[in-house]
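Welcome, and take a moment to look over the sequence and the model. The briefing below goes topic by topic.

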Amino acid sequence: MTSVLTSTLRAIRKKAPTDWSVILNPISSEITRREAVEKILEVFPISEGEAEELVQSAPVILLESLSEDDAVRLRDFFAEASIDISLSNDSGSLIEINFV
């Protein structure tokens with residue numbers, strides 16, 4: 001019984017934490033806002049109006065409960081269009097990437 005419990009605990013420790021959030025920061029440039037809407041539409045199954053509302057409502061959490069790798073991939077996807085994204089996890093850590 002102890003070996004089963006030990007194996008289970010090891011597996012839990014090895015599992016990547018899924019407590020990362022992707023935050024869209026405020027965008028001042030109209031061109032960048034338009035690019036952000038287009039990128040959001042590529043990722044989320046929402047209407048253009050909903051995507052525009054997200055951009056206008058920034059800062060806003062786009063996704064949460066992600067692994068760090070998934071959060072970084074999403075941040076890099078938005079970085080292609082110089083969109084300002086922050087990553088945060090539940091422990092209070094915040095990683096800011098500013099592309100202006």
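In what order do the elements of the protein run from the N terminus on? They run α-β-α-α-β-α-β-β, which gives four helices and four strands. Here helices (H or I, at least four residues) and strands (E, at least two) are DSSP runs, numbered from the N terminus. This is a predicted model, in which local features need pLDDT of at least 70 and side-chain atom pairs count only at pLDDT 80 or more, while totals for chains, interfaces and linings use all residues. Residues are numbered from 1 along each chain as its sequence is written, and side-chain values use heavy atoms, with hydrogens and water left out.

**The protein as a whole**

- Of the 100 residues in the protein, 33% are buried; buried means under 20% relative accessible area, exposed over 50%, and partly exposed in between, with a 1.4 Å probe and protein chains only.
- The accessible surface comes to about 6,600 Å², and carbon and sulfur atoms hold 53% of that surface; the areas come from the Shrake-Rupley method with a 1.4 Å probe, and for residues only the protein chains shown count as cover.
- Among contacts with a separation of 6 or more, 63% are between residues 24 or more positions apart; a contact means heavy atoms within 4.5 Å.

**The nonpolar core**

- In soluble globular proteins, nonpolar side chains tend to be buried together.
- The largest nonpolar core in this model has 21 residues; such a core is a set of buried Ala, Val, Leu, Ile, Met, Phe, Trp, Tyr and Cys residues joined through side-chain atoms within 4.5 Å.
- The members that touch the most other members are Val22, Leu24, Ile40, Leu62, Ile83 and Ile85.
- Two or more residues come from each of β1 (20–24), α2 (30–43), α3 (48–56), β2 (60–66), α4 (68–79) and β3 (85–89).

**Leu24 and Val60**

- Leu24 lies in strand β1 and counts as buried because its relative accessibility is 0%.
- Leaving aside neighbours within four places in sequence, Leu24 is in contact with Ile40, Leu54, Val55, Ala58, Pro59, Val60, Leu62, Ile83, Asp84 and Ile85.
- Leu24 and Leu54 are 30 residues apart along the chain, and their C-alpha atoms are separated by 8.5 Å.
- Val60 is found in strand β2 and is buried, because its relative accessible area is 18%.
- With neighbours within four places in sequence again left aside, Val60 is in contact with Val22, Ile23, Leu24 and Leu54.
- The C-alpha atoms of Val60 and Ile85 are separated by 9.8 Å, and these residues are 25 apart along the chain.

**Helix α2**

- α2 has 14 residues and reaches 20 Å from its first C-alpha to its last. That is close to the 20 Å expected at 1.5 Å a residue, where the expected span is 1.5 Å times one less than the number of residues.
- Which residues of α2 are buried? They are Thr32, Ala36, Val37, Lys39 and Ile40, and they pack against β1, α3, β2 and α4.
- An α-helix has 3.6 residues a turn, so residues three or four places apart point the same way.
- At the start of α2, a side-chain oxygen of Ser29 reaches to within 3.3 Å of the backbone nitrogen of Ile31.

**Strands β1 and β3**

- β1 and β3 run antiparallel and are joined by five bridges; two strands pair if DSSP finds at least two bridges between them.
- One of the bridge pairs links Ser21 with Ser88 in β3.
- Five of the five residues of β3 are buried. Ile85, Leu87 and Asn89 point one way from the strand, while Ser86 and Ser88 point the other way.

**Backbone details to look for**

- A cis peptide bond joins Ala58 and Pro59, with omega at about 10 degrees; Pro59 has its place in the loop between α3 and β2.
- Ser65, in strand β2, has a positive phi of about 65 degrees although it is not a glycine. Ser65 counts as exposed because its relative accessibility is 52%.
- Ser82, in the loop between α4 and β3, has a positive phi of about 60 degrees and is not a glycine. Ser82 counts as partly exposed, because its relative accessibility is 36%.

Conventions: Polar contact = N/O pair within 3.5 Å; in protein donor to acceptor, adjacent residues only side chain to side chain.
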